[in-house]
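Me: I would like to learn how to read domain contacts and helix packing in a model. Can we work through one case?

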Amino acid sequence: MKICVLPGDGIGPEIMAQAVRVLEALRTDGLAFEIEEAKIGGCAVDADGVPLPESTLALARAADAVLLGAVGGPQWDALPREQRPERGLLGIRKALNLFGNLRPAILYPELANASSLKPELVAGLDIMIVRELTGDIYFGQPRGIESRDGERVGFNTMIYSESEIRRIGKVAFDIARKRNRKLCSVDKMNVLECTQLWRDVMIELSADYPDVELSHMLVDNAAMQLVKNPKQFDVVVTGNMFGDILSDEAAMLTGSIGMLPSASLDENNKGMYEPSHGSAPDIAGKGLANPLATILSVAMMLRYTFNQEAAAVRIEKAVKKVLADGLRTGDIYEPGTRKVGTIDMGDAVVAAL
Ligand code: NAD
Ligand code: IPM
Ligand code: MN
């Protein structure tokens, strides 16, 4: 297994160090892998002048899977858009054709009180958000800021082809089939043509999946339903922009965005794995970040790219054990539990393994 590790910026290197330790601990199980590290995001801009150096992309292409920390930070916010750290992340997603972004929101019973919703609303929560990741308004042309009639206008294009919709739809239906066979497609078809096509294609596709119950929801209502009654959802499929927003919202239901891993897959299950959160500049360098989302992303990598279900489950069980033992980073802390830092949390997961 060839794994390309891209720690990135902010808390990225801190959380990635713990994720790599967890991976290393699995060598004793006979898992054989090679790790190569490279730069992406702001650190790459500082070193090479671009957020996604050719050498990084080459390493990522040659690997079977990529593990990414996070990119971005205020020190790079004034750069021209092409040099922004986020462009590195968008660039690697597009270059590797990682159109299928899986963002599970699972509530660990021990964290029921860390959720901002009442425990009874979130107990047992297990949602899979399937976000399309290489299309939509994120990549649509034309885009820009220009001068028209004596003032500046900013514009982006929301666009999806039916083949793009169909391939993400298939990913979502296939996942729903392995779960509770309920798929909710989220769009804004009452206003946006692009998402009318989205809904039409999802309905067409559903003919191939008679065993999966397909429903549709407008995105504003979906945002509301997620906090009103989140357990009504099993699998949610949506476009890049809506998926970005709804997955952060769903993450918070589970107690902290520091708990939410993600997988971004191409057609052959080659993938990039990263926490759903960002570089958390407010706590970077302080040893406070929760590494569990990144550690759980390693489990997703073992499951989806390498078919190592047993190893994935081992990591997930180890995470459950440290939570049951009462260890908490600041983001999930509550009175009566033990507050620890990033490294202590990594130590505990390795010990639990
Ligand atoms: P963020 O996710 O970095 O932080 C939001 C809040 O959540 C902050 O209070 C932060 O401290 C907290 N948080 C996030 N991860 C945490 C963790 N593991 N443990 C404990 N607390 C955690 O979002 P933001 O502040 O909007 O963005 C900061 C930077 O990150 C921006 O430059 C943004 O573009 C970038 N970003 C990158 C990614 C990515 O690399 N995938 C994702 C989102 C944002
Ligand atoms: C995410 C992030 C990225 C996105 C940014 C940093 C480009 O918010 O992974 O959710 O919008 O996709
Ligand atoms: Mn996001």
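Me: Into which domains is the chain divided?

Reply: In this predicted model, domain 1 takes in 1-99 + 270-353, and domain 2 covers 100-265. Their C-alpha centres are 22 Å apart.

Me: How many residues of domain 1 are in contact with domain 2?

Reply: The size of an interface is often given as the accessible area lost when the parts come together. Here there is a residue count: 28 residues of domain 1 are in contact with 27 residues of domain 2.

Me: Which elements supply the side of domain 1 that touches domain 2?

Reply: At least two residues each come from α4 (85-95), β12 (271-273), α10 and α11. Helix α10 gives the most, with six residues. By class, this side of domain 1 has 15 nonpolar, seven polar and six charged residues.

Me: How do α10 and α11 pack?

Reply: Two packed helices are described by the angle between their axes and the distance between the axes. For α10 (residues 292-304) and α11 (residues 309-324), the angle is about 160 degrees and the axes are 7 Å apart. Angles over 145 degrees count as roughly antiparallel, so α10 is roughly antiparallel to α11. The crossing of α10 past α11 is left-handed.

Me: Which residues make the contact of α10 with α11?

Reply: From α10 come Leu292, Ile295, Leu296, Val298, Ala299, Leu302 and Arg303. From α11 come Glu309, Ala311, Ala312, Ile315, Glu316 and Val319.

Me: How do the residues of that contact divide by class?

Reply: In the contact of α10 with α11, 10 are nonpolar, none polar and three charged.

Definitions and conventions. Residues numbered from 1 in each chain as written. Chains lettered and ligands numbered in written order. Predicted model: local features only at pLDDT ≥ 70, side-chain atom pairs only at ≥ 80, totals over all residues. Axes fitted to C-alpha atoms, helices over the stretch in contact; angles between N-to-C directions. Helix = DSSP H or I, 4+ residues; strand = E, 2+ residues; numbered from the N terminus. Parallel < 35°, antiparallel > 145°, perpendicular 65-115°, else oblique. Left-handed = near helix turned anticlockwise from the far one by under 90°. Contact = placed C-beta atoms within 7 Å. Nonpolar A, V, L, I, M, F, W, Y, C, P; charged D, E, K, R; others polar. Domains from an automatic or database assignment.
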